[in-house]
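Subject: Structure handover

Hello,

Here is the structure you asked about. My notes on it follow below.

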Amino acid sequence: MIRNITIGQYYAADSVVHRLDPRVKVIGTLVYIVSLFLFNNFWGYAVAAGCFCAVTVVSKVPFSYIVRGLKPVFFMLVFTALLNLFWTPGTVFFQLGPVELTWEGLRKAFFLSVRLIFLILGSSLMTLTTTPNQLTNALEKLLAPLCHLHVPVHEIAMMMSIALRFIPILVEETDRIMKAQMARGADFESGNVIQRLRNMLPILVPLFVSAVRRANDLALAMDARCYHGGSGRTKMHPLRYQGRDFAAYLLCIAYCVLLYASVTYLPVL
Amino acid sequence: MGIKNKIIKSENLAHEYARRDESGDVTGIVRALDGIDVQIEAGSFVAVLGANGSGKSTFAKHLNGLLFPTEGTLYIDGMDTADSENTLAVRQTAGMVFQNPDNQIIANIVEEDVGFGPENMGVPTDKILKRVEECLKETGMYSYRRHSPNHLSGGQKQRVAVAGVLAMRPKCIILDEATAMLDPAGRKNVLDTIVRLNKKEHITVILITHYMEEVTLADYVYVMKQGKVAYSGTPGEVFQNVGMLRECRLEAPQITQIAQGLQKAGIPLTQGVFTIEGLAKELLELAKKR
């Protein structure tokens with residue numbers, strides 16, 4: 001199951017979206033996510049969905065790749081939707097014993113799921129078109145003013161990018177250890193929650209040991225390649241805004257305006 | 001001969017570390033290196049051979065300024081490694097490729113990883129891009145430049161690591177058992193790359209290994225045993241010395257063992273055959289003479 005997380009998995013392709021400055025993508029995604037929570041209107045979601053689809057098509061990332069990011073949160077989605085569906089008071093349109101379904105509940109459940117879905121799809125699209133290194137570069141640059149408050153921005157960015165690099169490796173390792181323990185008769189499926197958690201111990205201990213060993217190796221390798229902190233360091237791909245980045249910012253503003261107009265002037269559905 | 005032609009020069013180099021028990025008390029001193037006197041010429045291809053625990057990895061870490069001598073001195077390209085002012089320059093002069101391909105790739109994209117070294121050295125952006133392109137082409141990994149390292153094979157990852165070291169423009173590359181975790185095809189690719197760099201770019205190569213077959217590539221071999229250089233010579237000389245190898249818990253390559261067996265059986269082979277092609281050629285010539 002953990003293999004399915006697409007966050008932090010870059011999809012290599014040559015598109016305008018991939019070439020955009022990561023700062024634009026970070027800010028754009030933030031704007032998009034915030035915008036999803038500012039209205040309660042079908043037209044607004046139509047605009048949000050339309051824009052998302054347009055960006056996806058331009059980015060050349062296969063749709064199935066982005067949707068894969070939804071799988072791990074699928075149950076949470078269904079759960080919150082059901083909760084809203086059954087526990088929202090209002091006009092009842094269906095009744096079975098104590099269970100009541102209301103129009104308001106249906107509407108709320110629908111809006112909430114759509115919001116969550118687009119929140120995840122939007123951020124997945126960003127991480128699929130932005131290498132984690134670009135992403136941390138962007139954060140390093142965007143958070144640079146915090147340096148004056150003695151926040152170690154470079155170190156944090158470095159740690160994030162290394163963590164992202166090792167997630168797939170450790171996931172693979174977990175898989176390998178699990179299989180090795182299963183081959184020795186370990187049982188991860190039966191028993192109650194506490195028993196299951198206890199059965200996870202033989203996975204966690206070797207995983208932890210290996211992670212520490214890897215960290216040690218990596219620190220040596222970084223030392224060997226002259227790493228000595230953020231001072232005096234240059235960048236292979238320094239972030240410089242290009243024409244297309246300003247165009248993208250304009251598109252962001254256009255999206256907000258369009259969203260506002262659609263929510264305000266179109267008949268409420 | 002001046003110190004300048006010797007890229008690596010060690011004088012009575014020794015390294016000790018304390019062995020501790022679980023509560024952190026010192027239970028003993030381990031002398032991992034014990035009086036190493038080595039001189040390696042620039043542009044040569046040197047193998048350091050030794051069984052596990054012979055001190056060869058500790059030696060490698062000294063060459064890169066990751067460990068400092070407890071006794072004696074070590075000069076890399078005329079710089080004393082013990083002087084902390086030299087550390088960065090030493091690491092740039094003598095680049096290191098480690099054993100585990102996964103644990104030495106820092107970035108999530110091949111080309112960004114190759115650029116990591118030059119970034120740390122403060123090389124200007126346009127020069128980094130040029131170097132990365134050159135080094136990836138040199139190691140035959142250019143077509144993978146935008147790939148994630150996780151999707152590469154072990155041999156490909158090690159070639160990326162070699163490119164990452166090359167991008168720092170070193171005079172010397174140290175491979176610390178860099179092929180130990182690779183399959184035969186990957187191992188061959190990495191070694192071919194290294195041999196080409198040595199011949200074409202005249203980069204000094206220090207190959208640390210316990211694979212006999214790899215040693216045949218070297219001009220000169222140091223055999224290590226318990227922190228000391230037990231023997232040194234050309235690969236041919238080393239392989240002839242079966243008794244010494246056995247004492248160091250090593251074995252001559254299979255092909256040399258066959259050649260020695262044939263010699264014992266009375267077939268007049270020349271000394272120091274250690275490639276399949278070489279043996280085949282000699283046997284063919286002998287057959288023709290008959």
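**The interface between chains A and B**

About 3200 Å² of area is buried between chain B and chain A, and carbon and sulfur atoms give 56% of it. Please keep in mind that this is a predicted model. In terms of residues, 39 of chain B are in contact with 33 of chain A.

The count of salt bridges between the two chains is three. One of the salt bridges joins R233(A) to E119(B), with the closest N and O atoms 3.0 Å apart. There are also 16 residue pairs in polar contact between chain B and chain A, both residues of each pair being at pLDDT 80 or more.

On the side of chain B that touches chain A, at least two residues each come from α2 (87-93), α3 (110-114), α4 (116-121) and α5 (125-138) of chain B. The largest share of that side is supplied by α4(B), with six residues. By type, the residues of the side of chain B that touches chain A are 18 nonpolar, 13 polar and eight charged.

**Chain A as a whole**

Chain A has ten helices and two strands, in the order α-α-α-α-α-β-β-α-α-α-α-α along the sequence. Its C-alpha atoms fill a box of roughly 65 × 60 × 40 Å along the principal axes. Of the 269 residues in chain A, 38% are buried. Among contacts in chain A with a separation of 6 or more, 74% are between residues 24 or more positions apart.

**Helix α10 of chain A**

Helix α10 of chain A covers residues 243-265, which is 23 residues. At 1.5 Å a residue the helix should span 33 Å, and its end C-alpha atoms are 32 Å apart, so the two values agree. The buried residues of α10(A) are D245(A), A248(A), Y255(A), L259(A) and S262(A). These buried residues pack against α2 (22-36) and α3 (42-59) of chain A.

**H18(A)**

H18(A) lies in helix α1 (residues 16-19) of chain A. Is this residue buried or exposed? H18(A) counts as buried because its relative accessibility is 6%, and the cut-off for buried is under 20%. The side chain of H18(A) makes a polar contact of 2.7 Å with the side chain of S15(A). Leaving aside neighbours within four places in sequence, H18(A) is in contact with Y10(A), Y11(A), A12(A), A13(A), K25(A), S59(A), V61(A), L128(A) and T129(A).

Regards

Key:
Residues numbered from 1 in each chain as written. Chains lettered and ligands numbered in written order. Predicted model: local features only at pLDDT ≥ 70, side-chain atom pairs only at ≥ 80, totals over all residues. Heavy atoms only, no water. Contact = heavy atoms within 4.5 Å. Buried area = accessible area lost by both parts, 1.4 Å probe. Salt bridge = Lys/Arg side-chain N within 4 Å of Asp/Glu carboxyl O. Polar contact = N/O pair within 3.5 Å; in protein donor to acceptor, adjacent residues only side chain to side chain. Helix = DSSP H or I, 4+ residues; strand = E, 2+ residues; numbered from the N terminus. Nonpolar A, V, L, I, M, F, W, Y, C, P; charged D, E, K, R; others polar. Expected span 1.5 Å × (residues − 1). Buried < 20%, exposed > 50% of the residue type's maximum accessible area, 1.4 Å probe, protein only.
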